[in-house]
Amino acid sequence: VVFNPTPALEKQKFKDAFIKRVIGLPGEKIEVKEGKVFINDKVIQENYTKEIPNYTWGPKQVPENSYVVFGDNRNNSYDSHYWDFVPHGKIVGRAIVRFWPPNRVGGISPKPPYRP
C-alpha cells in the first residue's frame with residue numbers, strides 16, 4: 001500500500017509517501033516472534049521477504065481504521081515495528097506494479113499470498 005507519513009512520521013519531518021506490505025487489518029492481533037509473523041496467533045507463510053525478522057514486536061491489536069505495514073526487507077525496513085499503525089486516512093492507494101528488484105519486475109496481485 002502507498003501511504004503518506006503517519007502522525008509519528010510527520011513528527012520526524014518525513015514528507016514523502018511510503019510503500020509497504022499490509023500485514024495487519026483492523027481488529028487483528030499481530031505479533032512478530034521467533035522469526036515469524038503471527039496474525040491472530042497463526043503464523044503466516046512469507047516467501048517474499050529478504051530474511052526472517054530478527055526482532056520481536058507485539059502482540060498488538062490493530063485499532064479500528066488502522067493497519068500494520070511491514071517492508072519485505074524486514075530487518076532493514078522503517079515500518080510499523082518502529083512506529084506502529086497507519087491510519088486509513090493516510091492511505092493514498094495500492095501498488096500495482098513492482099519495479100525492484102529487477103528480477104521481479106511485474107504486476108502485483110491484489111490478493112496477498114498470506115490471506116485466505
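Predicted model: local features only at pLDDT ≥ 70, side-chain atom pairs only at ≥ 80, totals over all residues.
Strand β7 covers residues 57-61, it runs antiparallel to β4, and 3 bridges join the two.

Now over to β5. β4 and β5 are antiparallel as well, and here the pairing goes over 4 bridges. Which residues of β5 face their counterparts in β4? Glu31 stands opposite Phe38, and Val32 stands opposite Val37. The hairpin that β4 and β5 make has 2 residues between the strands, and Glu34 has a positive phi there, near 55°.

Zooming out, then. We've got an open sheet of 4 strands, ordered β6-β5-β4-β7, with antiparallel pairing. What's at the edges? That's β6, residues 42-43, and β7; each has a single partner strand, so one side of each has no neighbour in the sheet.

Okay, packing. The largest nonpolar core has 13 residues, and the ones touching the most other members are Ile23, Ile30, Trp57, Val68 and Phe70. As for where the core residues come from, β4 (29-33), β5 (36-39) and β8 (66-70) each give at least two. There's another core lying apart from this one, with 7 residues, including Val1, Phe3, Leu9 and Trp83.

What does Ile30 touch, leaving out residues up to four places away in sequence? Among its contacts are Ile23, Phe38, Ile39, Trp57, Val62 and Val68, and the list also includes Gly24, Gly58, Pro59 and Lys60.

The lining takes in Gly35, Lys36 and Val37, then Val43, Ile44, Gln45 and Glu46, and finally Thr49, Glu51, Ile52 and Pro53. How does that lining divide by residue type? You get 5 nonpolar, 3 polar and 3 charged residues. Notice that Val37 turns up again: it's in the pocket lining, and it's also the residue across from Val32.

That's my tour, over to you.

Definitions and conventions
Residues numbered from 1 in each chain as written. Heavy atoms only, no water. Core = buried A, V, L, I, M, F, W, Y, C linked by side-chain atoms within 4.5 Å. Buried < 20%, exposed > 50% of the residue type's maximum accessible area, 1.4 Å probe, protein only. Contact = heavy atoms within 4.5 Å. Pairing = 2+ DSSP bridges. 1 Å grid on protein atoms, 1.4 Å probe; cavity = no way out; pocket = protein on both sides within 12 Å on 5 of 7 lines; lining within 4 Å. Nonpolar A, V, L, I, M, F, W, Y, C, P; charged D, E, K, R; others polar.
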